[in-house]
Amino acid sequence: MVSEQLLCRALPGIPEVLPGDDVSEIIAAALQQAQLSLQAGDVLVIAQKIISKAEGRYRYLDEVEPSEQARELASACDKDARLVQLILDESSEVLRVRPGVIIVQHRLGYVHANAGIDKSNLPHSTRERVLLLPDNPDRSCRQIRTAMARRFGVEPLVIINDSAGRAWRVGTVGFAIGTAGFAPVNNLVGQPDRYQRKLEVTEVAVADELAAAASLLMGQADESRPVVLIRGAQLQQGDFPSSALIRNKTGDLFR
């Protein structure tokens, strides 16, 4: 079923997240500040960065010893060889290299620039550091969903989103790297269009569409709005992995 209306609300008062912080407690406090509670079917979209910070996914460059492969790639893309080593460690395959960027298949399956590693919106440190993606975003989503259910008596649907560029298009857009509680892809094959023709190939990446909507509210600079509540999405609920969003390599025309 497709909703006629969505409510998207960025939650206020999210503080700087530190390693070991309980993200579910932070979200609960933000909901209370906004005088909101959770309702059945609500979706919480959470920026990857605060999950990674809470999970302590920092890496200090002075602790990294680059391999020969990392040094060669660093020369080709004009990056610090230590950062390139971290990108390789988080990846299963290098797909493209050009000055400024390495496109890889992340170890979790999605194709991402620089394995999603960056240092934007990180607190200043006396040692140079970067932040990696969460170790297991689906697991992180499930943990937050369970914790929120204990507090509110309602299991929210959860998305962890990140930003990425796209082939042929300028600009970044939000996409889901982790989900819990719903089907991230809505398969419409066999469904009729308005003239009763059956759809042959249409699959809707609902998790990515919601991740992108939330990303617009979150912003990319100093907005400090890393959690968005979405109400009215009417999703197919159940236990589905976010890997359903990843196109099989044999079906990818561009690899």
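**Salt bridges, core and surface**

Guide: A place to begin is arginine 107, which counts as partly exposed because its relative accessibility is 33%. Keep in mind that this is a predicted model.

Visitor: Which residue does arginine 107 meet in a salt bridge?
Guide: Glutamate 90, with 3.3 Å from N to O. Glutamate 90 sits in the loop between helix 4 and strand 4, and arginine 107 in the loop between strand 5 and strand 6. The two are 17 residues apart.

Visitor: Is glutamate 90 buried or exposed?
Guide: Buried: its relative accessibility is 8%, and the cut-off for buried is under 20%.

Visitor: Which residues are linked with Glu90 and Arg107 in a network of salt bridges?
Guide: Arg57, Asp135 and Arg139 are linked with them.

Visitor: How many salt bridges does a search of the whole structure find?
Guide: The count is 17. Among them is arginine 82 with glutamate 128, where the closest N and O atoms are 3.9 Å apart. Arginine 82 belongs to helix 4, residues 81–89, while glutamate 128 is in the loop between strand 6 and strand 7. That pair is 46 residues apart.

Visitor: How accessible are arginine 82 and glutamate 128?
Guide: Arginine 82 is partly exposed at 25%, and glutamate 128 is partly exposed at 42%.

Visitor: What does lysine 249 form a salt bridge with?
Guide: Glutamate 93, with the closest N and O atoms 3.3 Å apart. Lysine 249 lies in the segment after strand 12 and glutamate 93 in strand 4, so the bridge ties together parts that are 156 residues apart in sequence. Lysine 249 is partly exposed at 46%, and glutamate 93 is partly exposed at 27%.

Visitor: Which residue is the bridge partner of glutamate 93 in strand 5?
Guide: Glutamine 105. Strand 4 (residues 91–98) and strand 5 (residues 101–106) run antiparallel and are joined by six bridges. They form a hairpin with two residues between them. In that turn, glycine 100 has a positive phi of about 100°.

Visitor: Changing topic. Where is a positive phi found in a residue other than glycine?
Guide: One of these is aspartate 78, with phi near 60°. Aspartate 78 is in the loop between helix 3 (68–77) and helix 4, and it is exposed, with a relative accessible area of 68%. Glutamine 234 also has a positive phi, about 55°. Glutamine 234 lies in the segment after strand 12 and is partly exposed at 43%.

Visitor: Now the inside. Which members of the largest nonpolar core touch the most others?
Guide: Ile27, Ile46 and Val227, in a core of 28 residues. Elements that give two or more residues to this core include helix 1 (23–33), helix 5 (137–152), strand 8 (157–166) and strand 9 (169–180). Helix 1 gives the most, with five residues.

Visitor: Which residues of helix 1 are buried?
Guide: Val23, Ser24, Ile26, Ile27, Ala28, Ala30 and Leu31. Their cover includes strand 2, helix 2, helix 5 and strand 12.

Visitor: What is valine 227 in contact with, leaving aside neighbours within four places in sequence?
Guide: Its contacts include Arg9, Leu11, Ile27, Val45, Ile46 and Met218.

Visitor: And serine 215, is that buried or exposed?
Guide: Serine 215 counts as buried because its relative accessibility is 9%. It is found in helix 6, residues 206–218. Beyond neighbours within four places in sequence, serine 215 is in contact with Asn161, Ser163, Gly174 and Gln220.

Note on methods
Residues numbered from 1 in each chain as written. Predicted model: local features only at pLDDT ≥ 70, side-chain atom pairs only at ≥ 80, totals over all residues. Heavy atoms only, no water. Core = buried A, V, L, I, M, F, W, Y, C linked by side-chain atoms within 4.5 Å. Buried < 20%, exposed > 50% of the residue type's maximum accessible area, 1.4 Å probe, protein only. Helix = DSSP H or I, 4+ residues; strand = E, 2+ residues; numbered from the N terminus. Contact = heavy atoms within 4.5 Å. Pairing = 2+ DSSP bridges. Salt bridge = Lys/Arg side-chain N within 4 Å of Asp/Glu carboxyl O.
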